[in-house]
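Work through these exercises with the model open beside you. Try each task before reading its solution.

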Amino acid sequence: IVVYIHTKGSLHAKIENHRWRSVLTEASLKDSCILSLGEKCNACGLQFYPIWIPMFPGNMFTATCGYVRQLMSLEKHGQKMQDIVTTVRSKRHVWQTKAYAWQKDSLGIDRWSREAWIASHPSIRPCDLAQNVTFIAPYVDFNRIMELVNATKAEPAPRIAPDQGEWYRRKIEEVQNAAKQPALQRPHEYFLLPGTLYRFYSLYGRFPPHDSWIWKWFPHGMEWRLKVEEMINDATTRQERLEDVLW
């Protein structure tokens, strides 16, 4: 396995940062997180966020070597994420960005691309210890988070729908509006499934497997899965740029 921990928040010596660093470290090293790896999950941490960019907030995790080997280098990932954002911004007739603010941390670019790296591959199968807590960990009561780490068994994530819970910075009305509009209709919401699929394909030339949690969790997941699989299997589509046809 691979375990990544670091001195999160140490540049600013505040009690909140010390507590968050402690709980992130403890969660990543917890037996149940490590034992969840394999058939059930390939990465585990305190809390998995499927939106705005799939990640473990605070960027500490345990993962299988087999999964990590599939990831491109941090440097290449950072450049490609910047290229993706540049392309999205130039195609406003195709993309909208209403569910989250258009800013670097939300987009996973610059230094925030490192936090987006571990969950950037379409085969990601995350586990976490957060149970039903969706509000980002450092802003939740510290004792509550420590109880989760000490008492909770790591389970596949996410478990709370995108229009439920208290996902940090999410604009719930925009998520609900995106879920109501017809599937596959432009403009696509970049911070939901269409953008997630676009990043996977742009980074790795692949889509999530047929049984991925991604198709079940996001609005219109089944419609997008059917469309993706139809186009991948279509000989005419394969002769074109798939992203031009799909998006």
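This is a predicted model: local features need pLDDT of at least 70, side-chain atom pairs count only at pLDDT 80 or more; totals for chains, interfaces and linings use all residues.

**Exercise 1. Where does R92 lie, and which residues does R92 touch beyond four places in sequence?**

Solution. First, find the loop between α4 (74-90) and β4 (95-96); R92 is there. Second, check the surface. Third, list the contacts. Leaving out residues up to four places away in sequence, R92 touches T97, W102 and P187. Finally, compare sequence with space: R92 and R186 are 94 residues apart along the chain, yet their C-alpha atoms are separated by 9.8 Å.

**Exercise 2. How many disulfides does the whole structure hold, and which cysteines form them?**

Solution. Step one is the count: a search of the whole structure finds 2 disulfides.

Step two is the pair C33 and C44, whose S to S distance is 1.9 Å. The torsion about this S-S bond is about -95°, so the disulfide is left-handed. C33 lies in helix α2 (residues 31-35) and C44 in strand β2 (residues 43-45), so the bond ties together parts that are 11 residues apart in sequence. C33 is buried at 0% relative accessible area. C44 is buried too, at 0%.

Step three is the pair C41 and C127, with sulfur atoms 1.9 Å apart. Here the torsion is about 60°, so the disulfide is right-handed. This pair links distant parts of the chain, 86 residues apart: C41 is in the loop between α2 and β2, and C127 is in strand β5 (residues 126-128). C41 has 0% relative accessibility and counts as buried. C127 is buried as well, at 0%.

Step four is the pattern. Count the bonded cysteines along the chain, and the disulfides read 1-3, 2-4.

**Exercise 3. At what angle do the axes of α1 and α7 cross, and which residues meet?**

Solution. Two packed helices are described by the angle between their axes and the distance between the axes. Take helix α1 (residues 15-29) and helix α7 (residues 142-151). Their axes come within 10 Å and cross at roughly 10°. Angles under 35 degrees count as roughly parallel, so α1 is roughly parallel to α7.

Next, list the contact. R19, V23, E26 and A27 of α1 meet F142, I145, M146, V149 and N150 of α7. By class, the contact residues are 6 nonpolar, 1 polar and 2 charged.

Then pick out S22, which is also in α1. S22 is partly exposed, at 31% relative accessibility. S22 and T7 are 15 residues apart in sequence, and their C-alpha atoms are 9.5 Å apart.

**Exercise 4. What span should helix α9 have, and how many of its residues are buried?**

Solution. Helix α9 (residues 193-204) has 12 residues. At 1.5 Å a residue, α9 should span 16 Å. The end C-alpha atoms are 16 Å apart, which agrees. Now the cover: 10 of the 12 residues are buried. Among them are L193, Y198, F200 and Y204. G205 follows α9, with a positive phi near 65°.

**Exercise 5. Is N59 buried or exposed, and what is its phi?**

Solution. N59 is in the loop between β2 and β3. Its relative accessible area is 11%, so N59 is buried. Its phi is near 60°, a positive value in a residue other than glycine.

Repeat the steps for Q131, in the loop between β5 and α7. Q131 is not a glycine either, and its phi is positive, about 50°. At 37% relative accessibility, Q131 counts as partly exposed.

Methods:
Residues are numbered from 1 along each chain as its sequence is written. Side-chain values use heavy atoms; hydrogens and water are left out. Helices (H or I, at least four residues) and strands (E, at least two) are DSSP runs, numbered from the N terminus. Buried means under 20% relative accessible area, exposed over 50%, partly exposed in between (1.4 Å probe, protein chains only). Axes are lines fitted to C-alpha atoms, for helices over the stretch in contact, and angles run from 0 to 180 degrees between N-to-C directions. Angles under 35 degrees count as roughly parallel, over 145 as roughly antiparallel, 65 to 115 as roughly perpendicular and the rest as oblique. Contact means heavy atoms within 4.5 Å. Ala, Val, Leu, Ile, Met, Phe, Trp, Tyr, Cys and Pro count as nonpolar, Asp, Glu, Lys and Arg as charged, and the others, Gly among them, as polar. A disulfide is a pair of cysteine sulfur atoms within 2.5 Å. The expected span of a helix is 1.5 Å times one less than its number of residues.
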